[in-house]
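Dear colleague,

Please find below the structure that I am handing over to you. My notes on what was found in it follow directly after.

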Amino acid sequence: MTSSIRTQAALVLSTVALSSNGFAQIRMSEPATVSQTVDGTVITVAYSRPQLRGRPVGADGVIHIEHMWTPGANWATTLEASKPITLNGHKVAAGKYSLWLETTEQDWTVHLNPEPRLFHTLAPKPSTMLLSFPVTPEHVAEPLEVLTFDFPEVRQDGATLRLRWAKVVVPFKIDVEPSRKTVAMTEQQAAPYIGSWTIQMYDELMRKSPEMKLEILLANGALKGVMDGPMPFALEFIPQPDGKTWFLAFVMNGKVMDVEHNAPVEFELKDGRAVRMFGRPVKGLSDEPWVWATRRP
């Protein structure tokens, strides 16, 4: 089937599907969405999933070499980021984009277009692309029946987005902007909080921990806490713009592993010295603070 005949056939089938309620409910390529949040940045791919259905899997089969195509069906596949990201080393502003491919037997080029709502057979002109960059597809022995996007890897600072279709796999490296902004504290700013504390907290099963010793100190311009108890670990107190609340970051082997964005903590000061710390209650779990601490005598 030539490219022009294939395009005309796709347009006819799509028109029928869109004009009939019955056809609109059942598609040859059903829509799907995959989404991953990384440090507050939400990355979403929306696409329709074609299936092989016995078609040839090589180039000029379901992998088109004669024209630009979108890795999906019906409407152009879209990539959306709630905050700025870096895609394979290229900066991409927050927004929603349609995703297109130009493929040869060896080399592939990925395009992002600023217009997300485009019909899958009506590829935009190369001059309208926001970003274009080469990728090298990986080849596998066993074909995948249904085109799939997923996130096989999630890191602290990004993720890997993967396209799998027929006998090819294309990974995309995504990096996000960190939400944890490092602002160095002075000794004077940290002085009200430094010292020895007794701390307790609830776990995810709402079980109260035993009393543990917490030593708060200033290290490399950050307010940090060292826990001494049945499960020793370290904390970092991340000040928020309101000047009153802090996010607790859990640190392991010197690296921040998790930041409790949804339940900030506050310090109660008396005569310029912090005497009590408490976390705001977590809605739906308890009316009590999820963590609390008092300064040791």
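**Salt bridges and other findings**

A search of the whole structure finds seven salt bridges, a salt bridge being a side-chain nitrogen of Lys or Arg within 4 Å of a carboxyl oxygen of Asp or Glu. Please note that this is a predicted model, in which local features need pLDDT of at least 70 and side-chain atom pairs count only at pLDDT 80 or more, while totals for chains, interfaces and linings use all residues. Residues are numbered from 1 along each chain as its sequence is written, and side-chain values use heavy atoms, with hydrogens and water left out.

In general terms, side chains of opposite charge can pair when their charged atoms come close. One of the salt bridges is formed by Arg162 and Asp150, with an N to O distance of 2.6 Å. This pair links distant parts of the chain, since Arg162 lies in strand β10 (residues 158-176) and Asp150 in strand β9 (residues 138-154), 12 residues apart. Helices (H or I, at least four residues) and strands (E, at least two) are DSSP runs, numbered from the N terminus. Asp150 is buried, with a relative accessible area of 17%, whereas Arg162 is partly exposed at 23%. Here buried means under 20% relative accessible area, exposed over 50%, and partly exposed in between, computed with a 1.4 Å probe on protein chains only.

Arg155 takes part in two of the contacts described here. Its salt bridge with Asp175 brings the closest N and O atoms to 2.8 Å; this pair also links distant parts of the chain, with Arg155 in the loop between β9 and β10 and Asp175 in strand β10, 20 residues apart. The side chain of Arg155 also meets that of Glu153 in a salt bridge of 3.4 Å, N to O. Arg155 counts as partly exposed at 22% relative accessibility, as does Asp175 at 22%, and Glu153 is partly exposed with a relative accessible area of 34%. A network of salt bridges links Glu153, Arg155, Asp157 and Asp175.

**Strand pairing**

The protein chain has three helices and 18 strands. Strands β1 (residues 30-38) and β2 (residues 41-49) pair in the antiparallel sense over nine bridges, where pairing requires that DSSP finds at least two bridges between two strands. Within this pairing, Tyr47 in β2 is the bridge partner of Ala32. The hairpin of β1 and β2 has two residues between the strands, and Asp39 there takes a positive phi near 50 degrees. Strand β2 is also joined to strand β3 (residues 78-81) by four bridges, and these two strands run antiparallel. In β3, Leu79 is the bridge partner of Val45.

**Cavity and overall figures**

A cavity is a set of points on a 1 Å grid over the protein atoms alone where a 1.4 Å probe fits but cannot get out, and lining residues have an atom within 4 Å of a point. The count comes to one cavity of 30 Å³ or more, and about 40 Å³ of space lies in the largest cavity.

Of the 297 residues of the protein chain, 40% count as buried. Among contacts (heavy atoms within 4.5 Å) between residues at least 6 apart in sequence, 47% join residues at least 24 apart.

Yours sincerely

Key: On a 1 Å grid over the protein atoms alone, a cavity is a set of points where a 1.4 Å probe fits but cannot get out, and a pocket is an open set with protein on both sides within 12 Å along at least five of seven lines; lining residues have an atom within 4 Å of a point. Grid points are joined across faces, edges and corners, and a volume is the space filled by probe spheres set on the points.
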